[in-house]
Amino acid sequence: MNAAVPAVLGGAPVFAEAIPLTRPTLHLDDGLYVQLRRVLESGQLTNGSQVEAFEREVADFLSVEHVVAVSNCTTGLMLVLRVLNLAGELVLPSFTFMASGHAALWNGLDLFFADVNAETCTVDPQSVAESVGSRTAAIMAVHTFGAPCAMEALAKIADAHRIPLLVDAAHGFGGRYEDGSRIGSKGLVEVFSLSPTKPFSTAEGGIVATNDAGLARDLRLARNYGNPGSYDSVLLGLNARLVEFSAVLGRYGLPCVPEWVQQRQQLADRYRRNLRDVPGLGFQRIEKGACSTYKDMCLIIDPELFGMTRDSAARALERENIPSRPYFSPPLHRQSLYKRYANSSPGPLSRTEWLASRVLTVPMSSHLRDSEVDAVCHALRRIQNHAAAVQAQLDPP
Ligand SMILES: *Cc1c(COP(=O)(O)O)cnc(C)c1O
């Protein structure tokens, strides 16, 4: 069989069995099992000392004053919007995961979608500035794929309008801003996800980071039904507590995060080097000095130059046993739930549409092997080399 021919044209697939698109990285050793066992035997499965210790350690790691651990990032975002008692509109990118928007809708807020920068994939401050109006209650930015968004420019807009700047930092744990500081300290609050597809996982979990003591206090109440302990509830909370097992996993993993993120960066560099000269393949731009977590390895496929659409490329990769995912496709304003906000933007969300039809993420995790990256790159190369035949095979005229 000809190794130069893509699987979709009859070549042997690059992988005999499908590799995962991502998988959680965990620090597993006997010490972890001893700790988990202690938690089990103690009978204190929630509301215990592990979560407290995890919060202190994360605050230290992020260099923020307060960390409130929650059950996941979605509940964290919901509670942040709740305790801020916002009303009106939230300005946010449409190019994000649905949870960013859901948190606002759960709080009865309306949405106003801002466009993104097509190179960085993060929300465009210019578009945010044009989107802020008299009904705007807050801005929510997103560190898309783990790359920090333009916080300085966004903070100026928020300050000028005296509205809070919140961050859905779901992808960002372990990344750094351009000035070298860790993602987590620049928004009024930054909310991380610790679910298994994110760079640092505690199975399920979320981290709310803030330097605002009052907000942290309210969030602690809010994650526990809004019950101050007297059973006289003072705000509409949820049960959004992180469980003790997750905190143990988190405490074990936390010291490894810098290494895990570095591994992802090295793999991302390898992808970039390997694919540099493939026509029609672009990459997310990471600002100078900034550090992405590479929650996702994002390719931007130009259908003209690559010779086929992003979706065709994904199908051809699937035949190579390589999973991939279009992102964020459909973007929020194209989803059924959000259609009523589709026309709320000052202009068409043209760069959001552009990216949503071109972004494809390919396998990435801290323990992906160099040889696996090379194989994915080889597959992409040979698919592109045979673009016309691949396209004809997938979509016969
Ligand atoms: C994963 C994700 C969330 C939700 O995180 P959970 O911990 O699963 O609730 C929110 N926003 C973005 C951008 C995400 O990718």
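**Exercise 1.** Which residues line the largest cavity?

*Solution.* The model examined here is predicted. Begin with the search of the whole structure, which finds one cavity of 30 Å³ or more. Next, take the volume: the space in the largest cavity is about 30 Å³. Then list the lining, which consists of Thr 120, Thr 122, Ala 147, Pro 148, Arg 285, Ile 286 and Glu 287. Finally, sort these residues by class; the lining has three nonpolar, two polar and two charged residues. Ala, Ile and Pro count as nonpolar, and Arg and Glu as charged.

**Exercise 2.** Describe the side-chain directions in strand 5 and state whether the residues are buried or exposed.

*Solution.* In strand 5 (residues 165–168), Leu 165 and Val 167 point one way. Leu 166 and Asp 168 point the other way. For burial, apply the cut-off of under 20% relative accessible area. Leu 165, Leu 166, Val 167 and Asp 168 are all buried.

**Exercise 3.** Characterise the largest pocket by volume, central residues, contributing elements and residue classes.

*Solution.* The volume is about 540 Å³. Of the 33 lining residues, Phe 97, Thr 197, Lys 198, Lys 295 and Tyr 327 are the closest to the centre of this pocket. Helix 3 (73–83), helix 4 (98–106), strand 10 (325–326) and strand 11 (359–362) each supply at least two residues of the lining. By class, the lining divides into 15 nonpolar, 12 polar and six charged residues.

**Exercise 4.** Which element gives the largest share of the lining of the second largest pocket?

*Solution.* The second largest pocket has a volume of about 250 Å³. Its lining comprises 16 residues, with Cys 149, Ala 150, Met 151, Glu 178 and Glu 287 nearest the centre. Helix 6 gives the largest share, three residues. The classes are eight nonpolar, three polar and five charged. Glu 287 also belongs to the lining of the largest cavity.

Key. Residues numbered from 1 in each chain as written. Predicted model: local features only at pLDDT ≥ 70, side-chain atom pairs only at ≥ 80, totals over all residues. Heavy atoms only, no water. 1 Å grid on protein atoms, 1.4 Å probe; cavity = no way out; pocket = protein on both sides within 12 Å on 5 of 7 lines; lining within 4 Å. Points joined across faces, edges and corners; volume = space filled by probe spheres on them. Buried < 20%, exposed > 50% of the residue type's maximum accessible area, 1.4 Å probe, protein only. Helix = DSSP H or I, 4+ residues; strand = E, 2+ residues; numbered from the N terminus.
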